[in-house]
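Here are a few friendly notes to read alongside the model. Please keep the structure open as you go through the points.

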Amino acid sequence: MDFLVNIAAVLVIPMVSFSFSRFVARDEYADLRASGQKLNLNMHNLRSAYRRKHDDPLRDSHLQLAKIGFAHWIAIPVGFSTVLAIGVMLELLQRSAP
């Protein structure tokens, strides 16, 4: 059981990265990919979306991508916390079983 909990904890970050890459692969971000923008979870890239000029044609796509990116950053500690809570509950259930 500990093995499964450890594997789940180790896989949180790759799962979040994979999810973000699937969001970026959508057609609505084709213009960003074509412009040569790096579409990753780098915090500097995500924050730079809010510094873009209002007349920038890609500003809306950047803002939407930044919101999705920040949500994925929040998903990392939430995923770890969920795995930790499940692991603690399973351990308590094992100890309480006769």
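1. Tyrosine 50 counts as partly exposed, because its relative accessibility of 41% falls between the 20% and 50% cut-offs. Do bear in mind that this is a predicted model.

2. What does tyrosine 50 pair with? Its ring partner is phenylalanine 70: the ring centres are 6.3 Å apart and the planes meet at 20 degrees, so the pair is stacked. The count of aromatic pairs comes to one. This pair links distant parts of the chain, with tyrosine 50 in the loop between helix 4 (43-48) and helix 5, and phenylalanine 70 in helix 5, 20 residues apart. Phenylalanine 70 is partly exposed too, at 24% relative accessibility.

3. Leaving aside residues up to four places away in sequence, phenylalanine 20 touches Leu39, Asn40, Leu41, Leu65, Ile68, Gly69 and His72.

4. How many salt bridges does a search of the whole structure find? There are two. In one, the side chains of arginine 52 and aspartate 56 meet at 2.6 Å, N to O; arginine 52 is partly exposed, with a relative accessible area of 22%.

5. The other salt bridge joins the side chains of arginine 95 and glutamate 91 at 3.3 Å, N to O. Both residues lie in helix 5, four residues apart, or about one turn of the helix. Arginine 95 counts as exposed at 66% relative accessibility, whereas glutamate 91 is partly exposed at 28%.

Technical notes
Residues numbered from 1 in each chain as written. Predicted model: local features only at pLDDT ≥ 70, side-chain atom pairs only at ≥ 80, totals over all residues. Heavy atoms only, no water. Contact = heavy atoms within 4.5 Å. Phe/Tyr/Trp six-rings, centres within 6.5 Å; stacked < 30°, edge-to-face > 60°. Helix = DSSP H or I, 4+ residues; strand = E, 2+ residues; numbered from the N terminus. Buried < 20%, exposed > 50% of the residue type's maximum accessible area, 1.4 Å probe, protein only. Salt bridge = Lys/Arg side-chain N within 4 Å of Asp/Glu carboxyl O.
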